[in-house]
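Colleague: I am new to reading protein models, and I would like to learn how to go through one feature by feature. Could you take me through an example slowly?

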Amino acid sequence: MAAIILGSLGSLLAANLQAQASTAPATPVTANTAALPLLGDGSDMTSADERRLGDRIAREIYRDPDYLDDPVLADYVQGVWQPLLVAARARGDLTPELDERFAWKVMLGRDRSVNAFALPGGYLGVHLGLLAVVSSRDELASVLGHELSHVTQRHISRLIAKDSQQAPWVIGAMILGALAASKNPDAGNALIVGGQALSAQSQLNFSRDMEREADRVGFGVMTQAGFEAQGFVTMFDKLQQASRLNDNGGYAYLRSHPLTTERIADMQSRLPLGAPHQGSTQEPTVVHAMMTARARVLSNPGVDALRSWQSPVEDPSLKSLPVARQAGALYGAALAAIRLRNAELARRNLQQLQRLALTDAEAVNTVRWLGAEIDLAARDLSLTKTRDLAKTLGLGSPASQPVTKMRRPELILQAQAALQINQPDALNTVAQNLQSWLADHPQDSLAWQWLASLYATQNQSLRALRAEAEAQAAQLDYTGALDRLRAAQERVKAGGTRQPSADHIDASIIDTRLRQIDALLKAQQADRKAGSGPA
């Protein structure tokens, strides 16, 4: 079974760095964790350097087949992540400099292991396995708040600074190696053998203080953001139980955070007076239960696993369960049926699910998006279904809801529907909606990809090429972006366009973006050369 790895990548990095070479003394562990002072910045690595290192690692993660940009799950995670950022700013934990310089992006991975990790430069990774086991938004907030605090307190840069002899590209490779080790323990264990493990252990004492600080600061951030403090305790209790079941005791010296019982005790001491001091099972909301089911389906797409979702919803005892659990089972079964290309079964499950979601506006939205996914996957859009889908996604009345109030999943579903419907009005409406969205979210690679498809369908070749370039640039692939922009320039030189005035404006934008991205690529290459790393 997959190992449970809730410690930050900073701690994994510490072990790998020390396995290479380090003689720094360990920072002693204090008994009174509640009175620990802030470790603060104190790093020799500048925020700009850390961001560049983070970009390098993120670029590789974007290329990983396990990287997943699922608009529905991402929207749910952002609903937790954004309030945490607001609270961190209000508390002063997130300084204006870091706020501006760092990425502050959460990247989802299809991995089933229970894992979340902080990366240099404000990137966070969250595995679907974590989303599949958290029982509430509060538990998810406790994990994200903890990892956010590793970044705001500059823990990773401090660990990197401990071994200044290593080139940045080597450090980046170590972090990527640590990520690989989280999926395959043998790969990670191969990095640390013999007496090198002792030097790794000496550094872990220092990272224990960091873990305590991330707990303490993260607790303050999540509670100020409006989440329930009990979520921290119940999440730790859950991890402790799972660890007892899954931990074979090997490589205990690489446990980079304090024993879970110790961390639970610290968090329990911070609970408000009268709050329960034992981890109690929290009943999920309907929406959370559906998102948990979605994470489970997407993380385990095998045919047998997908088929197994149907049996529970056909069991008469399902109706005796709490509404949220019924909704989660039906949502998972419907989504699994989509993946099995069984639209009839998916719609049958959807009908039962719709009845459960009637009293919850957010749940109604989530179920509506699932219904659109079913219709789009079926690709059997009769005239009636085409009209129903257009109405469901707001294509019939584009002025009825400003784009600023539209959710990302709805925009992406709109794009898919418009391409299937293939009507000029729908294509124009959705293209305008995506343009408005991208004006506020220029790093949304998936939105750029769908906009490129819409432009291509409308025979707007220059705009399609430019949108493809922006999608590549948003994932830090500047070489790929330049390739698309140069192809657009060649198209302009070839002439023969139908709208010369509009194409002239697009060509000017393309020329400007080409120069900007070319400068970014040169800076990227110079950074690699300075680190003597591979291109």
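Modeller: Let us begin with burial: a residue counts as buried when its relative accessible area is under 20%, as exposed when that value is over 50%, and as partly exposed in between, with a 1.4 Å probe and only protein chains considered. In this structure, 52% of the 535 residues of the protein chain count as buried. Please keep in mind that this is a predicted model, in which local features need pLDDT of at least 70 and side-chain atom pairs count only at pLDDT 80 or more, while totals for chains, interfaces and linings use all residues. Residues are numbered from 1 along each chain as its sequence is written, and side-chain values use heavy atoms, with hydrogens and water left out.

Colleague: How many helices and strands does the protein chain have?

Modeller: Helices (H or I, at least four residues) and strands (E, at least two) are DSSP runs, numbered from the N terminus. By that rule, the protein chain has 25 helices and 4 strands.

Colleague: How should I read the shape of one helix, for example H3, and where does H3 bend?

Modeller: One starts with the expected span, which is 1.5 Å times one less than the number of residues in the helix. H3 has 21 residues and spans 30 Å from its first C-alpha to its last, close to the 30 Å expected. A bend at a residue is the angle between axes fitted to the seven residues ending there and the seven starting there, and for H3 this gives about 30° at Gln78. After H3 comes Gly92, which has a positive phi, near 90°.

Colleague: What does Asp93 touch, leaving out residues up to four places away in sequence?

Modeller: Contact means heavy atoms within 4.5 Å. With those sequence neighbours left out, Asp93 touches Ala88, Thr152, Gln153, Val217 and Val221. Asp93 sits in the loop between helix H3 (71–91) and helix H4 (96–101), and it counts as buried because its relative accessibility is 12%. A polar contact is a pair of N or O atoms within 3.5 Å, where, within protein, one must be able to donate a hydrogen and the other to accept it, and residues adjacent in sequence count only if both atoms are side-chain atoms. The side chains of Asp93 and Arg91 are joined by such a contact, of 2.5 Å.

Colleague: How many salt bridges does the structure hold?

Modeller: Side chains of opposite charge can pair when their charged atoms come close. A salt bridge is counted when a side-chain nitrogen of Lys or Arg is within 4 Å of a carboxyl oxygen of Asp or Glu, and the structure holds 23 of them. One of these joins the side chains of Asp209 and Arg212 at 3.8 Å, N to O. Both residues lie in helix H10 (residues 196–224), 3 residues apart, which is about one turn of the helix.

Colleague: Which helices hold Glu373 and Arg294?

Modeller: Glu373 and Arg294 form a salt bridge whose closest N and O atoms are 3.0 Å apart. Glu373 lies in helix H18 (residues 361–378) and Arg294 in helix H13 (residues 286–299), so the pair ties together parts that are 79 residues apart in sequence. Both Glu373 and Arg294 are buried.

Colleague: Are Arg484 and Glu468, which meet in a salt bridge, buried or partly exposed?

Modeller: Arg484 counts as partly exposed because its relative accessibility is 26%, and Glu468 is partly exposed as well, with a relative accessible area of 31%. Their side chains meet at 3.0 Å, N to O. Finally, salt bridges can also be linked, and here Asp69, Arg408 and Asp444 form a network of them.
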